[in-house]
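I opened my notebook to look through this structure one piece at a time. Here is what I looked up, in the order I went.

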Amino acid sequence: MEIIIKGATEEFAEKLVALAAQHHAELTISTVQPGWTVDRAERYLRDLTAGSRRMAEMVFVDGDGYIDAEQLRNVVGKLNGPSNGLKRAVDRGVRKGWWPEGTPAPITPVSDPNNPSWHQNIAYQMDREILPVFREALTRIAAAKKAAEDLGITPGGLGKTSSPWTPDTSTLAGYHLVDLDGGSLPAPADDDQGEEGQQS
């Protein structure tokens, strides 16, 4: 008999292991809990494209967890690409084992309750309990960027390192490129498809 349980508490796992041992069962238990830690939030933010990351920062810094979509559009432009990027980063993190399946999206759209069948999102929000987690992650990223700048390794600009070499993009298939600001380099054009307003 093989039993696989994910998301168990440590107390539950200990009891289950003892029970399984009595019945000579092979038991695999993962006690990793879905949810956002500072490490996970930092990895999430670093994995976002520049537009998605700017949108995320506006939600949890400028908006204190809630920001009108119109305010986001004034800064970011069209939101379909960046908002889709926020969701894809969560899914990608699950696939790569950065956080467990079931980890909720940190930023969610708010629909217009007066027009539920076809809508354009009116705002984006983040649960207040994870706001400090993402702010701490952003602080870490800023500290890492400053340390890199102090060493003169920020690409481009007077007195900073730069390189005339441009990689052959065909050799980079399957790699996820990240800049020193912590954001991903722009995704391919077909990765940005999708509608901000959706049929529910």
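A cut-off before I start: I call a residue buried when its relative accessible area is under 20%. I also keep in mind that this is a predicted model.

**Entry 1, helix H4.** I asked which residues of H4 are buried. I found Ala-69, Leu-72 and Arg-73. They share one side of H4, because the arc they cover around the axis is only 100°. Next I checked what the buried residues of H4 pack against, and noted H3, strand E3 (66-68) and strand E6 (123-125). Just after H4 I came to Gly-77, with a positive phi of about 95°.

I then turned to the largest nonpolar core, which has 28 residues. Those with the most contacts inside this core are Trp-36, Tyr-44, Leu-45, Phe-60, Tyr-124, Met-126 and Phe-134. Which elements give two or more residues to it? My list reads helix H2 (38-47), helix H3 (50-62), helix H4 (69-76), helix H5 (80-95) and helix H6 (131-150). H6 contributes the most, with six residues.

Staying with helix H6, I picked out Ala-137. Is Ala-137 buried or exposed? Its relative accessible area is 0%, so I wrote it down as buried. Setting aside neighbours within four places in sequence, I found Ala-137 in contact with Val-38, Ala-41, Glu-42 and Leu-45. I also looked up Asp-39, which lies 98 residues from Ala-137 along the chain, yet their C-alpha atoms are separated by 7.0 Å.

With 16 residues at 1.5 Å a residue, H5 should span 22 Å, and its end C-alpha atoms are 23 Å apart, so the two agree. The buried residues of H5 include Asn-80, Pro-82, Leu-86, Ala-89, Val-90 and Arg-92. Among the elements covering the buried residues of H5 I noted H2, H3, H4 and E6. After H5 comes Gly-97, with a positive phi near 80°.

Most residues other than glycine have a negative phi. Asp-64, though not a glycine, has a positive phi near 55°. Where is Asp-64 placed? I found it in the loop between H3 and E3. Its relative accessibility is 32%, so Asp-64 counts as partly exposed.

Terms used. Residues numbered from 1 in each chain as written. Predicted model: local features only at pLDDT ≥ 70, side-chain atom pairs only at ≥ 80, totals over all residues. Heavy atoms only, no water. Core = buried A, V, L, I, M, F, W, Y, C linked by side-chain atoms within 4.5 Å. Buried < 20%, exposed > 50% of the residue type's maximum accessible area, 1.4 Å probe, protein only. Helix = DSSP H or I, 4+ residues; strand = E, 2+ residues; numbered from the N terminus. Arc of directions from axis to C-beta. Contact = heavy atoms within 4.5 Å. Expected span 1.5 Å × (residues − 1).
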